[in-house]
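Hi everyone, thanks for coming.

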Amino acid sequence: MSTSTAAMAAAPGGLHLVGRRLPRAVFPAIGAGAVAATVVLYVLAPITSRIQFVLIAGALYLIGQTVASIAVEGSRRATDRGVTTLVYLAFLLAVIPLVAVLASVISKGAQRVDVNFLTHSMRNIGARDAGGGIYHALIGTLEQIALASLLAVPFSLLVAIYLVEYGRGRISRTISFFVDVLTGLPSVIAGLFILAFYILALEQKPTGFAGALALTILMIPVVVRSAEEMLKLVPNDLREASYALGVSRWRTIVKVVLPTALPGIVTGVMLAVARVAGETAPLLLTIFGTDSINFNPFSGPQSALPLYIYSQAGQPQQVAIDRAWGAALTLIVLVMLLNAAARLIARLARVR
Amino acid sequence: MSSEPDGPRKGSPGNDAAVATAEPTNSSDGARARPMDALFKNLTRSAGLGLLALIAAIAAFLVLEATDALSANTGNFLTTTEWFPNGSPPVFGVAALLFGTLLTAVIAMAIAVPVAVGIALFITVYAPRRFAAPLAFVVDLLAAVPSVIFGLWGLIVLVPRMEGVQKFLTDYFGWIPLFATDNSVVGRSIFVASVVLAIMILPIVAALSREVFLQVPIAHREAALALGATRWEMIRTAVLPYGRPGVISASMLGLGRAMGETIAVALVLPASFGISWQILSPAGNTIAANVANGFAEANSVGRGALIASGLVLFVVTMIVNMIARAIIARRREFSGAAA
């Protein structure tokens, strides 16, 4: 844009290097016209949706701009302008739901979240009662993701070390392929597997630990992939220097390679934790849910924040929906804190 | 096109070869043999093999726990559209669920992919370089929102607001069979579920497409511009052909994600069985959503039936994901974009 206007300025009078252009002021005019036409349409026809307003105004703007551009600038530039508008619209379309989701969660959740909400469970709270809180669900979520990390991280690290430091040939390619397969595993399948394996085949009761097992399966591929990327980034000079000093290979990996890659690995783990903290489907099938506080993840059903949101959102009473929004705000704050911590660690530890 | 033969390993400066040569060769010397080395190597390898065993166990136990229910089933599991596994005799089939799963996922993909490609183009070509990274971060934030929150938002906020859009579609485009309705439009429909799914897979498809578009050689883009192409012509002739396999595989990964999504669909869709192309009608169900909805009241046959349907979902998503990976693998230079 700027270069072509400069060219036009450099060629005053007869020489037309860039062809005729629409003056800039035309575009806001078309935009205003499109919005005005949409407002008229809304007054005349029985349409109310705000989503539709954006879509109709956008379409009208696109048509107006294309007609004007074809008339003055020719079809090639009209297409270019059309695509530019579409790309900007696409970005707008992506930002709208993000803003809408965050705005609803924050505005509706903030009305409900207070100290009482965070420190009380749903025990003895009837379906129509306004009270109750998420304390039991918060405890459940924190214990389950802690257990899942405890199980998933060491295992995933070993797999990543094998893939990067030792893996050659067919076995390592197969493992790498199945890490990808696990990445695409629907979360509900992880839940069904733990249901089939742990609860039905081994005849265990649904507990927080069963939920943690399901979350572990979902964490493994994410942690393996990120740890693999981080281990690959460790310069080979470090490994060779260590070997040259006579340090054995496994000590090199444990004492040199892992500490160098550690910040990146921690970031990957935090992102994986943030991802599984919001998983509902596997927990639905494995922890059973409860209204009471249960500190012990190894016995008796537990609750969890996502499960709490799901069960409250499915009820018709407005007080339940309000509780769901409050829990949603808490969950989103938890996930965003984990994300922010991950990015902070990545930034602070960025050496080189 | 393969200007970077070693593209996928860019981050690792010759890792494989160098490590292999730098490996301390002291195994021949008995006195200096290092048992810990072998132990550690075997430990990591058994973890790797354990991962393979995990996948095998997932498939094996799903089959094992599904067989009892399948043998008790009096209908054909693949073609029956009913779902009464708790009745006696139990009758259930995955046909309607599979249809709903594929339909919602494909519509979600049809909505999400053009928008995601637009976002990727916006970030790589249109946006000023300074804003590119923050904008990409904003899109990634969408991916961090838990799916149950999308479900809650979809049910409470989006469904009432989409009612008008759906009425408009069925009033003016009802002559297209897809948009026709037999009963009144009430908001909760395959279409709204697909919109929610589209929002959820948008960041994944956009992020992968962005990675691919970033790898288009600058020389290709500048050559097109130097030949007098407009920006769109440059995108059409240089960026899109180069990025097509990446975009296709990103879409397939998004499709797999959309098919497996459970809670958002379970909250938005009214659980119903039957095969209908009327995406605006309040009907439809998916395999994953049915698991969430039906689990609470399922007896032992019912649980087995849900596990059997999960097995179908497992196989279908695995096929879709494998196709996506195969497309990436065929064009090795894109494997750096694989998440």
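Predicted model: local features only at pLDDT ≥ 70, side-chain atom pairs only at ≥ 80, totals over all residues.

As for what chain A is built from, we have 14 helices and zero strands. The radius of gyration comes out at 28 Å, well over the 20 Å that the globule rule gives for 352 residues, so chain A is more spread out than a compact globule. Its C-alpha trace spans about 80 × 70 × 35 Å along the principal axes. And how much of chain A is buried? That would be 45% of its 352 residues.

Okay, on to where the two chains meet. Chain A puts 81 residues into the contact, and chain B puts in 78. On the chain A side, helix α4 (residues 75-110) gives the most, with 20 residues. By type, that side of chain A has 55 nonpolar, 15 polar and 11 charged residues.

Last stop, a helix pair inside chain B. The axes of α4(B), residues 129-144, and α6(B), residues 190-214, come within 8 Å and cross at roughly 140 degrees. The two helices are therefore oblique to each other, and their crossing is left-handed. Who's touching whom? On α4(B) the contact residues include Val139(B) and Leu142(B), and on α6(B) they include Ile204(B) and Arg210(B). In total this contact has nine nonpolar residues, no polar ones and two charged.

Note on methods: Residues numbered from 1 in each chain as written. Chains lettered and ligands numbered in written order. Helix = DSSP H or I, 4+ residues; strand = E, 2+ residues; numbered from the N terminus. Rg over C-alpha atoms; globule rule 2.2 N^0.38 Å. Buried ≥ 20, exposed ≤ 12 C-beta atoms within 10 Å, placed from the backbone. Contact = placed C-beta atoms within 7 Å. Nonpolar A, V, L, I, M, F, W, Y, C, P; charged D, E, K, R; others polar. Axes fitted to C-alpha atoms, helices over the stretch in contact; angles between N-to-C directions. Parallel < 35°, antiparallel > 145°, perpendicular 65-115°, else oblique. Left-handed = near helix turned anticlockwise from the far one by under 90°.
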